[in-house]
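Visitor: Please take a close look with me at one part of this chain. I would like to follow it from end to end, and then see what surrounds it.

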Amino acid sequence: KARTIAPPKMQKRLVKGKGGLKMVAMDGKGSIFDISEPQWKEDSTTPQCSSPSCKAKFDFFHRRHHCRICGSVFCDSCTEHRQPVLRMGLVDPVRLCKTCEGKAKKDNHFVSSQLKSLLKGAHFSVSEVEGLTFRCHLSEDHSEILFDGGTVSTRDPIQLRQIVEVKNAGEKEGITTTHADLSGLVLTYKGEGEERVVELGLKGVPEDELKTSRDWLLFLKKALKVLHEK
């Protein structure tokens, strides 16, 4: 079994941004899952609330407020929904429209829970290496899958952006694999001018670690979906 090495933590600092206080990486790189703050719509081009169900006209008593995710202009009551926007680095609750509030909740769960688990890692067998388990985990900027085989073996990282297809290992057409039955993931990725395939499996993983490893695979699938939706 591979030894466990804690991934290095990304150094961050707190700065004041247009949308509020935000955490940014000190090296300026950040995470590949980070998204930029939107261009705010000009007040002069928006005489009424952008919510289709509201359309309240702005005046001295009804002020304009910008949603921090979409940048559109809304009235006070239509931006009463407040959430941090962790993928933008906005750590304090900020004004959001109703539509973007739901997106923020999902993204915040992904960043605070699933992405942390991917950083921590889990153990897997790798189809190219017999008789050894690797601790697979994301790099600190979340851009690569790293393979830690301790002092015994190492493997080149896989860039998330180079993964072109993900399949459940052993899944037959028309039959959906349940979480409890998941035995691994087959990743197809671009490497050195050609497509390559590697399977992250559960062979050799201790019984008490199987759930952690299965969860990690599901979180990886979620991360790739988020990345391609960006």
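Guide: Let's start with a bend: at a residue, this is the angle between axes fitted to the seven residues ending there and the seven starting there. In helix H1, such a bend of about 35° falls at Val-111. The model is predicted, so local features need pLDDT of at least 70 and side-chain atom pairs pLDDT 80 or more, while totals for chains, interfaces and linings use all residues. Numbering runs from 1 along each chain as its sequence is written, and side-chain values use heavy atoms, without hydrogens or water.

H1 covers residues 98-120, 23 residues in all. From first C-alpha to last the helix reaches 33 Å, close to the 33 Å expected at 1.5 Å a residue (1.5 Å times one less than the number of residues). Just after H1 comes Gly-121, with a positive phi of about 95°.

Now look at what H1 hides. Its buried residues (under 20% relative accessible area; exposed is over 50%, partly exposed in between, 1.4 Å probe, protein chains only) are Cys-100, Glu-101, Ala-104, Asp-107, Asn-108, Phe-110, Gln-114, Leu-115 and Leu-118. An α-helix has 3.6 residues a turn, so residues three or four places apart point the same way. What do the buried residues of H1 pack against? Their partners are strands E5 (81-85), E6 (90-96) and E8 (129-138), together with helix H2 (210-229).

H2 deserves a glance as one of those partners. This helix has 20 residues and reaches 29 Å between its first and last C-alpha, close to the 28 Å expected. Its buried residues include Trp-216, Phe-219, Leu-220, Leu-224 and Leu-227, but Arg-214 and Asp-215 are buried too.

Because Lys-105 and Glu-101 are four residues apart in H1, about one helical turn separates them. Glu-101 is buried because its relative accessible area is 17%, whereas Lys-105, at 46%, counts as partly exposed.

The count comes to eight salt bridges by this rule. In another of them, the closest N and O atoms of Arg-155 and Glu-128 are 2.6 Å apart. This pair links distant parts of the chain, with Glu-128 in the loop between strand E7 (122-126) and E8, and Arg-155 in strand E10 (153-159), 27 residues apart. At 45% relative accessibility Glu-128 is partly exposed, while Arg-155, at 13%, is buried.

Arg-196 and Glu-194 also join their side chains in a salt bridge, at 3.8 Å from N to O. Arg-196 counts as partly exposed at 33% relative accessibility, and so does Glu-194 at 46%. Salt bridges with shared partners also join Arg-87, Lys-103 and Asp-107 into one network; Asp-107 is one of the buried residues of H1.

Finally, step back to the chain around H1. It has two helices and 13 strands (DSSP runs numbered from the N terminus: H or I of at least four residues, E of at least two). Its C-alpha trace spans about 70 × 45 × 40 Å along the principal axes, and 44% of its 230 residues count as buried. Among contacts (heavy atoms within 4.5 Å) between residues at least 6 apart in sequence, 48% join residues at least 24 apart.

Technical notes: A salt bridge is a side-chain nitrogen of Lys or Arg within 4 Å of a carboxyl oxygen of Asp or Glu.
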